[in-house]
Amino acid sequence: MPSEKKHKIINKLLSGFVQIHILRHASRGELYGSWLIEHLKTHGYNLSPGTLYPMLKRMVNDDLLTASEHNIEGHIRKIYRTTSLGDEALKEANDKIRELTTHHLD
């Protein structure tokens, strides 16, 4: 498979894992984009702001996250948290991950 096509396919698959990761952290407390970019790097995800912020916006539009603006030391920062739908989606995703990793694939 050509490397460009392979790269796009892998990125598309990993996008779901990134969203689950976002939901996990947003369900535990407030988060913001620049922290998330740095945190995801520790897990091997190297996302640019141009990739992360549209993803966060889609998740807000899909009612998985809420976004509120806060003035922190003169800078406006968007803070994200899960919604009840986001919490439900995270629970379902966790169940599916558990099923995938604990059952033998046929």
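Reader: How many helices and how many strands are there in the protein chain?

Author: The protein chain holds four helices and two strands, where helices (H or I, at least four residues) and strands (E, at least two) are DSSP runs numbered from the N terminus. This is a predicted model, in which local features need pLDDT of at least 70 and side-chain atom pairs count only at pLDDT 80 or more, while totals for chains, interfaces and linings use all residues. Residues are numbered from 1 along each chain as its sequence is written, and side-chain values use heavy atoms, with hydrogens and water left out.

Reader: In what order do the elements run from the N terminus on?

Author: Starting at the N terminus, the order in the protein chain is α-α-α-β-β-α.

Reader: What box do the C-alpha atoms fill?

Author: Taken along the principal axes, the box filled by the C-alpha atoms of the protein chain is roughly 55 × 35 × 25 Å. The accessible surface of the chain comes to about 7700 Å² (by the Shrake-Rupley method with a 1.4 Å probe; for residues, only the protein chains shown count as cover), and 53% of this surface belongs to carbon and sulfur atoms.

Reader: And what share of the residues counts as buried?

Author: Of the 106 residues in the protein chain, 26% count as buried, that is, under 20% relative accessible area, with exposed meaning over 50% and partly exposed in between (1.4 Å probe, protein chains only).

Reader: Which residues of α2 are buried?

Author: In α2, the buried residues are G33, L36, I37, H39 and L40. Their cover includes α1, α3 (49-61) and β2 (75-82).

Reader: Let's take G33, then: why does G33 count as buried?

Author: G33 counts as buried because its relative accessibility is 2%. G33 lies in helix α2, which spans residues 33-41, and, leaving aside its neighbours within four places in sequence, G33 is in contact (heavy atoms within 4.5 Å) with L52, Y53, L56 and Y80.

Reader: How far apart are G33 and Y45 in space?

Author: G33 and Y45 are 14 Å apart, C-alpha to C-alpha, and 12 residues apart in sequence.

Reader: What about H39, buried or exposed?

Author: H39, which is also found in helix α2, is buried, because its relative accessible area is 18%. Apart from its neighbours within four places in sequence, H39 is in contact with H21 and H25.

Reader: Changing topic, where does I10 lie?

Author: I10 lies in helix α1, residues 3-28, and I10 counts as partly exposed because its relative accessible area is 37%. I10 and E88 are 78 residues apart in sequence and 26 Å apart in space, C-alpha to C-alpha.

Reader: Where is S48 found?

Author: S48 is found in the loop between α2 and α3, and S48 is partly exposed, at a relative accessible area of 36%. From S48 to R77 the C-alpha to C-alpha distance is 17 Å, and the two are 29 residues apart in sequence.

Reader: You mention R77, so what does R77 lie over?

Author: R77 lies over the face of Y32, at 3.7 Å from the ring centre; a charge sits over a ring if NZ of Lys or CZ of Arg is within 6 Å of the ring centre and within 35 degrees of the ring normal.

Reader: Last one: what share of the contacts with a separation of 6 or more comes from residues 24 or more positions apart?

Author: In the protein chain, residues 24 or more positions apart account for 46% of the contacts with a separation of 6 or more.
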